[in-house]
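Dear colleague,

Please find below the structure I am handing over to you. My findings on it follow directly after.

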Amino acid sequence: MPVNETLSQYSDWSYTTAVAVYVFAMVFFLVEQSFGRKGRQAAARTRSRELVGAGGPSTTVTPSTSEERPAQPRTRAERIGRMGVALTVLGALLHLASLVLRGLATSRAPWGNMYEYIAIICFVTVVTWLVVLRKSPVRHLSAFVLLPVVILMFVGGTWLYTIAAPLQPALQSYWLVIHVSAAAVGSGIFLIPGVASLLYLVKARNEKNPAKFARFGPKLPALDVLDRIAYRTTVFAFPVFTFGVLCGAVWAEAAWGRFWGWDPKETVAFIAWVIYAAYLHSRATAGWRGNRAAVINVIGFAATVFNLFFVNLVTVGLHSYA
Amino acid sequence: MTSTVTPERKQYRPTPARRALAFLRNTWRGLTSMRTALVLLFLLALAALPGALLPQHDLNEPKTREYIANHGWWGQLLDRLQFFDVYSSVWFSAIYLLLMVSLVGCLAPRSVEYVRSMRAKPVLTPRNLGRLPHHVRAEVDADPDEVLAAADRRLRGWRRVQRDETEGTRSISAERGYLRETGNLFFHFGMLGVIVAFALGAMYSYEGQVIVFADGSEASEFCNSGIYAYDSFNPGLRVDGTELTPFCLRVNDFAATYADTGQPIAYEANIEYQSGADLAADTWRPYHLEVNEPLRTEGDRVYLLDHGFAPTFTVTFPDGTSRTQAIQWRPVDNTTGLSEGATKFEPPGITDAEERRQNQLAVTGLFAPNALMHGEILTSAGPQLTNPAVAVDVMRGDLGVDSGRGQSIFEIDQSMVDSGRLERVARENLDVGEQLTLDDGTKVRFDGVDQWVSLQVSHDPTQVWVLGFAIAMFAGLGGSLFIKRRRLWVRVAPVEDADGKRRTVVEVGGLARTDQAGYGEEFAKIADDLLTGDRKAP
């Protein structure tokens, strides 16, 4: 299987451009976050809208249809924020093009080494965030999601960059498509509850003591908005991640001779899984909701990042494909 | 101050039995509470961590020993505390056993509750629906019967019951999403099954590794007849090696393909095997063995793990007798295929042990599949077998094979060299067909090279159970996360308005029983259907 070098060159260019576009978008969002009058208001607005949508305790005839509020004129900051979203979409398209071109260049699924794996994780994160944006008015927080994405992509594109090449024999299996894509989608989505939970902790700190994060705290959405984003994305990512781990076990049985062998990657995946399971349980345990659940989610996020970097690059195990 | 015990309070002395019972009950309650389960989950995650950070005995024994040696008392302490055997350590087992007990303690009452709720009717309609999180109220023209019939139709798929209340008021209680709890129980029982099956697997499974030549000769045959047939063997706790699944195999060839960069693209071996009835009939079946494509036969699996080279040397002794030998050398660099090893020869026709020990020979050194000379230094340009060459030291003297110490087939006994009993008598680079001559006239020729493959045989009777439970677990997980348990009530009451016209007051209330938001939209839709649908009714 020869590698088409022209296509792989185009793939690299779109990767770099995507990172640049994300950086621009991030700057735009930071402007909105800093100068916009959104913050708390936006969060309050959605809350009221949702209550109306739910047909709250109304005593009149029909449940009122959720009427849009009379459109307020957009401020400059808001316009910049909307431009940021447009840029993010553009970046995601370039990012997608980079992945597709890489796949075409090598005639295989474009996730056979660390560089490609990080690229796909970041793509999943960005797309998930765009979906979240459609449901919750948290646009001004986008910079905090794009920041880890840009860092990851920078690290991936510089230190971990790998020239397009065919797969090594151990990876030549259709399980590569299933297992790695599930793991990447799971990990990519997990980034978002991680960020949301971090912001939750900041916000909670600020609400408890307004002197802490006095500038930043009030601009964050309400606690329950952040909590809901974290919960919904985790609930979605957890089964996907579980599926990825299970498929990994099935593949390991065919490739390495056992379905589970406490390889470092397997171990840390197990640890991350247990932590997220603890998060889901904590939401159903009195006294553990809110702050503690957010802390658990952040730990899960840390485990995911640890799994991505430390295990692949530092420890020696069967997953060292970088 | 004396205590003010009211006289009516019944006094009893806690007997030891009662105290013990209370203690047990409290322990059980504490152990099976969600909070304990959470803490145990955390401990499990924490306890698993050293396994990812420290080398483990059963994964990489040499590295573990090196680590312990390099860390002095600290390494030894960690070793004693089982930090290099994390997953079979006392503390790890304790945590997961406690977690299992906690799980069972949580699941048992939940299952009972589940059965009860599956048979129960939806709960009574609350008196004041207005206090529910979701509530709509309307007056419609249709009469109560029609409204209720329409509601009954609309709520198809919900479990529902109609009840008559006071003064002509009637209501429907409906509930949906019972599969959530089903999924939840499926998930947790599935997990329990996975753990049990995994533990059983650790008892009844085994795996063994063996190196065979890949040329269809006798040295390329392997029979799973006993532990002695293996180079290394890891039995489960209940495996003594006497009842291995009988089968035999023969490796006819091996081919490795590489890209121009030297990156491997494929490893494949053509093998033949016989198992079951074929053994008696002595028929061989062909199989194309590849990475990711193990041979599965009679519940055992055979994997292609590794490959390497076995240079062949012929030694012609001064008396004219010659001996030809090929033994596997081990790769020292997987990217270039450079290998090292020691091929050992006994001098022929010598019966005196002392004299024999002075004339044993070993051909040691490096083998390169794609030789590249840097001056006199042999390196390998790549793993492709295109231009084999060896750089050998020929050692003569006492190999130490009679010393009673076991020795590696890849090395000579260095202590023999150090004590001067084994001496280097030649050092040369040889291409295929070239030979060197020792001072006593002995000739050593490099004839060529054979390839060997390393195979692994694995046996795990419980893995199919693990898979089944894992699938149940995954299916249950989907149900327990995405299905919402929710309730809905409809109450109708006949009223007369100011004009004496008969109308019906319809109230709809809703409650989501899980913390997942999102019931609002569905509720609004149903309530809307119920109210507007009635109004359109004739």
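A polar contact is a pair of N or O atoms within 3.5 Å; within protein, one of them must be able to donate a hydrogen and the other to accept it. By that rule, 13 residue pairs, both members at pLDDT 80 or more, are in polar contact across the interface of chain B and chain A. Please bear in mind that the model is predicted.

The side of chain B that touches chain A comprises 37 nonpolar, eleven polar and eleven charged residues. Helix 2 of chain B contributes the most to this side, namely eleven residues.

In terms of contacts, 59 residues of chain B meet 66 residues of chain A. About 4900 Å² is buried between the two chains, and carbon and sulfur atoms account for 68% of that area. Of the area that chain B buries against chain A, B:Leu38, B:Phe42 and B:Asn292 supply 13%, more than any other three residues.

Two salt bridges are counted between chain B and chain A. A salt bridge joins the side chains of A:Glu253 and B:Arg296, with an N to O distance of 2.7 Å.

As regards chain B itself, its secondary structure consists of twelve helices and 23 strands. The radius of gyration of chain B is 39 Å, whereas a compact globule of 538 residues would have one near 24 Å. Along the principal axes, the C-alpha atoms of chain B fill a box of roughly 130 × 75 × 50 Å. Of the 538 residues of chain B, 44% count as buried. Among contacts in chain B between residues at least 6 apart in sequence, 64% link residues at least 24 apart.

Yours sincerely

How values were computed
Residues are numbered from 1 along each chain as its sequence is written. Chains are lettered from A and ligands numbered from 1 in the order in which they are written. This is a predicted model: local features need pLDDT of at least 70, side-chain atom pairs count only at pLDDT 80 or more; totals for chains, interfaces and linings use all residues. Side-chain values use heavy atoms; hydrogens and water are left out. Contact means heavy atoms within 4.5 Å. Buried area is the accessible area (1.4 Å probe) that two parts lose on being put together, summed over both. A salt bridge is a side-chain nitrogen of Lys or Arg within 4 Å of a carboxyl oxygen of Asp or Glu. A polar contact is a pair of N or O atoms within 3.5 Å; within protein, one must be able to donate a hydrogen and the other to accept it, and residues adjacent in sequence count only if both atoms are side-chain atoms. Helices (H or I, at least four residues) and strands (E, at least two) are DSSP runs, numbered from the N terminus. Ala, Val, Leu, Ile, Met, Phe, Trp, Tyr, Cys and Pro count as nonpolar, Asp, Glu, Lys and Arg as charged, and the others, Gly among them, as polar. The radius of gyration is taken over C-alpha atoms; the globule rule is 2.2 Å times the number of residues to the power 0.38. Buried means under 20% relative accessible area, exposed over 50%, partly exposed in between (1.4 Å probe, protein chains only).
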